[in-house]
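Please keep the structure in view while going through the numbered points.

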Amino acid sequence: MFERFTEAARGVVTGAVVHSERLGADEITEEHLLLALLDRRGTRASFALTALGVGDRREALEAALAESRRRGGLSKADAAALAGIGIDLGEVVSKLEEAHGEGAMRSAGRRGRRWTGHRPFVPGAKAVLAGALRIARGRGDRHIGDEHLLLALAAHRGVVAEALADHGATYAAVERAMYGGAGGGANPGLAEAG
């Protein structure tokens, strides 16, 4: 699949590794892919993000992603579901941080892991890469560009898609920004892969 990636898409994957290292993560997530996309200039995805005003709100987007990390990667929808059964996620996070320090939930998934020097892609990030391939095929494109990665991130249910949508970059809005009214393919059902 990677042989079909454009230079821009390969730059996103490489940039995701850099963001993973910078944030001290031992895996590459959808968040790292998004941060790498936000770094790009002069590409279809960067054009769409700029057109939607996301580039101007990068700090707010990064703050939303950081807050999600603080919540252990749980989305607002997850928090709402927990609230529905009487669990206040904010209170749980606060109590955990009181007892174990700031970011207690963020590091919970890493305990007991040995560092091998290799940062693997988490299943969600792999699903985004596979989704980019499906989107490219659905549009009849022979390559996988950063635009396909952005669409796949917007379609993949979870924190990154939620943060993008909160900042005006839903799948439909991204598709319109890149392709105008002639959207070549409907959302390929990536949300189920989350």
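**Note on the structure**

1. From the N terminus on, the elements of the protein follow the order α-α-α-α-α-α-α-α-α-α. The count is ten helices and zero strands; helices (H or I, at least four residues) and strands (E, at least two) are DSSP runs, numbered from the N terminus.

2. This is a predicted model, in which local features need pLDDT of at least 70 and side-chain atom pairs count only at pLDDT 80 or more, while totals for chains, interfaces and linings use all residues. Residues are numbered from 1 along each chain as its sequence is written, and side-chain values use heavy atoms, with hydrogens and water left out.

3. Of the 194 residues in the protein, 44% are buried. Here buried means under 20% relative accessible area, exposed means over 50%, and partly exposed lies in between (1.4 Å probe, protein chains only). Among contacts with a separation of 6 or more, 67% are between residues 24 or more positions apart, where contact means heavy atoms within 4.5 Å.

4. Which residues of helix 3 are buried? They are Ala45, Ser46, Ala48 and Leu49. Seen down the axis of helix 3, these residues fall within an arc of 160°, so they line one face of the helix; the arc is that of the directions from the helix axis to the C-beta atoms. Phe47, Thr50 and Ala51, on the other side of helix 3, are exposed. The cover over the buried residues of helix 3 includes helix 2 (30-39), helix 8, helix 9 (159-166) and helix 10 (171-179). Just after helix 3, glycine 53 has a positive phi of about 80°.

5. Alanine 48, in helix 3, is buried, with a relative accessible area of 0%. Neighbours within four places in sequence left aside, alanine 48 is in contact with Leu150, Val174, Ala177 and Met178. Alanine 48 and arginine 176 are 128 residues apart in sequence, yet 8.5 Å apart in space, C-alpha to C-alpha.

6. Helix 3 (residues 44-51) packs against helix 8 (residues 146-155) at an angle of about 50°, with the axes 7 Å apart. That makes helix 3 oblique to helix 8. Axes are lines fitted to C-alpha atoms, for helices over the stretch in contact, and angles run from 0 to 180 degrees between N-to-C directions. Angles under 35 degrees count as roughly parallel, over 145 as roughly antiparallel, 65 to 115 as roughly perpendicular and the rest as oblique. From helix 3, Arg44, Ala45, Ser46, Ala48 and Leu49 meet Asp146, Glu147 and Leu150 of helix 8.

7. Is arginine 119 buried or exposed? Arginine 119 is buried, with a relative accessible area of 18%, and is found in the loop between helix 6 (89-100) and helix 7 (123-139). The side chain of arginine 119 makes a polar contact with the side chain of serine 20 (3.2 Å). A polar contact is a pair of N or O atoms within 3.5 Å; within protein, one must be able to donate a hydrogen and the other to accept it, and residues adjacent in sequence count only if both atoms are side-chain atoms. A polar atom of the arginine 119 side chain also lies 2.9 Å from the backbone oxygen of alanine 25.

8. Glutamate 3, in the segment before helix 1 (7-22), is exposed, with a relative accessible area of 63%. The C-alpha atoms of glutamate 3 and histidine 143 are separated by 8.7 Å, although these residues are 140 residues apart along the chain.
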